[in-house]
Every structure is written in C-alpha cells, then in structure tokens.
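Me: Could we go through this structure together, beginning with the terms and then moving to the particulars?

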Amino acid sequence: MKAIHCIFCKISAGTIPAAKLFEDDLVTAFLDIAPLNPGHCLVIPKAHFHSITEVPEATAGRMTAVAAKLGAALMRVVEADGFNLILANGAAAGQVVPHVHLHVIPRLPADGIQLPARAIPYKDAAARDALAEAVRNRLAASAKNGVA
Ligand code: 5GP
Ligand code: ZN
C-alpha cells in the first residue's frame with residue numbers, strides 16, 4: 001500500500017527521482033539526498049509504514065539483510081572501515097520522514113560523525129532487574145496476543 005503524499009512512496013514507485021541502488025519485491029534502497037558520508041543510503045519497505053513496529057517480519061528481515069549487503073558493498077566502493085545502521089523510529093528518535101527507513105552510513109576513520117550517546121546508569125541492580133523483567137513480560141504478552 002502506498003501513501004499518496006509520501007515522498008518515499010514516490011521514490012519507491014519511481015514517480016520522483018532518486019539514485020536507486022537496489023530493489024526487489026519488498027524493499028527499495030537509494031542514496032540519501034543529504035549524505036553524512038559519501039554512499040550514505042536508505043533502505044525502505046516498498047509498502048508504506050510509519051513505524052518499524054508495523055512492518056511484517058519478512059520485510060523487516062529483508063531490510064536488515066539488504067542493509068548489510070549495502071554496507072559490505074560500500075566498504076569496497078568508498079573504502080569505508082565500517083558502517084552504522086540507524087533507524088530513527090518516531091519524532092523523539094529523530095524520525096523526519098514518516099515512512100520507515102534504515103540508514104546505512106559508511107564510516108571512515110576520524111570522519112567526525114558523533115552519534116549522540118550518553119549513559120544513564122540504573123539506580124541499582126534491583127532497578128535494572130525490575131526493568132528487564134518488565135520487558136520480558138511485555139514481550140511474552142505481545143507474543144501471546146500478537147500485538148506489539
Ligand atoms: P530521518 O531523520 O527521518 O531518519 O531521515 C530522513 C532522511 O531522508 C534524511 O537523511 C534526509 O536527508 C533523507 N531525505 C529526505 N528527503 C529525501 C528525498 O527526497 N530524497 C532522498 N534521496 N533522501 C531524502
Ligand atoms: Zn510512504
């Protein structure tokens with residue numbers, strides 16, 4: 001299903017241009033218009049989903065597999081030493097385009113990219129364990145009820 005006003009649906013359909021790198025029945029990959037490094041690209045599902053939580057498992061798996069292959073190709077093509085796979089899910093996570101997309105960002109030594117990161121320690125081991133238990137319970141309930 002496509003969303004009429006979605007820029008990534010239009011790229012996937014070919015109605016607006018992009019430097020496409022790969023496509024198959026489930027996903028499309030193309031160069032990001034504002035690359036953090038040369039080769040920075042995006043892997044998207046062909047169908048329109050806002051959130052990764054809505055994406056069928058087969059499609060999510062394909063997105064990851066294609067991103068890994070693109071990362072490997074980019075390590076050869078732009079002689080990257082590594083790459084980041086980043087998916088911003090939701091505005092609070094920095095998602096701007098409301099069609100789920102997995103960034104593949106080739107990394108070069110001392111390229112200056114700094115991923116925002118800071119550690120916030122748990123209050124104590126009990127607080128950590130309680131949170132882990134809550135997540136395990138939530139996963140179990142989701143698996144039972146078939147919801148995210
Ligand atoms: P987000 O912040 O949502 O994770 O990232 C959206 C990404 O989409 C940005 O890196 C941005 O440069 C890229 N982008 C936005 N509009 C276009 C477009 O029209 N074409 C291409 N190729 N990339 C786009
Ligand atoms: Zn879309």
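Reply: Helices (H or I, at least four residues) and strands (E, at least two) are DSSP runs, numbered from the N terminus. The expected span of a helix is 1.5 Å times one less than its number of residues. This is a predicted model, in which local features need pLDDT of at least 70, side-chain atom pairs count only at pLDDT 80 or more, and totals for chains, interfaces and linings use all residues. Residues are numbered from 1 along each chain as its sequence is written, chains are lettered from A and ligands numbered from 1 in the order in which they are written, and side-chain values use heavy atoms, with hydrogens and water left out.

Me: How many residues has α3, and what is its reach from first C-alpha to last?
Reply: Helix α3 spans residues 125–145, which is 21 residues, and reaches 30 Å between those C-alpha atoms, close to the 30 Å expected at 1.5 Å a residue.

Me: What caps its N-terminal end, and which residue follows α3?
Reply: The cap is Asp124, with a side-chain oxygen 3.3 Å from the backbone nitrogen of Ala126. Gly146 follows α3 and has a positive phi, near 70°.

Me: Changing topic, what is the pattern along the sequence?
Reply: The order is α-β-β-β-α-β-β-α, from three helices and five strands.

Me: Now the ligand. How many residues surround ligand 1, and which are the closest?
Reply: There are 16 residues around ligand 1, and Asp32, Gly94, Val96, His101 and His103 are the closest. A residue counts here if one of its heavy atoms lies within 4 Å of the ligand.

Me: Which elements give two or more residues to that shell?
Reply: They are α1 (7–13) and β2 (27–31). Helix α1 gives the most, with three residues.

Me: What is the make-up of the shell by class?
Reply: It has 11 nonpolar, four polar and one charged residues. Ala, Val, Leu, Ile, Met, Phe, Trp, Tyr, Cys and Pro count as nonpolar, Asp, Glu, Lys and Arg as charged, and the others, Gly among them, as polar.

Me: Which backbone atom lies 2.6 Å from an oxygen atom of ligand 1?
Reply: That is a polar backbone atom of Val96. A nitrogen atom of ligand 1 is 2.9 Å from a polar backbone atom of Leu31, and a backbone N or O atom of Ile33 lies 3.2 Å from a nitrogen atom of ligand 1.

Conventions:
A polar contact is a pair of N or O atoms within 3.5 Å; within protein, one must be able to donate a hydrogen and the other to accept it, and residues adjacent in sequence count only if both atoms are side-chain atoms.
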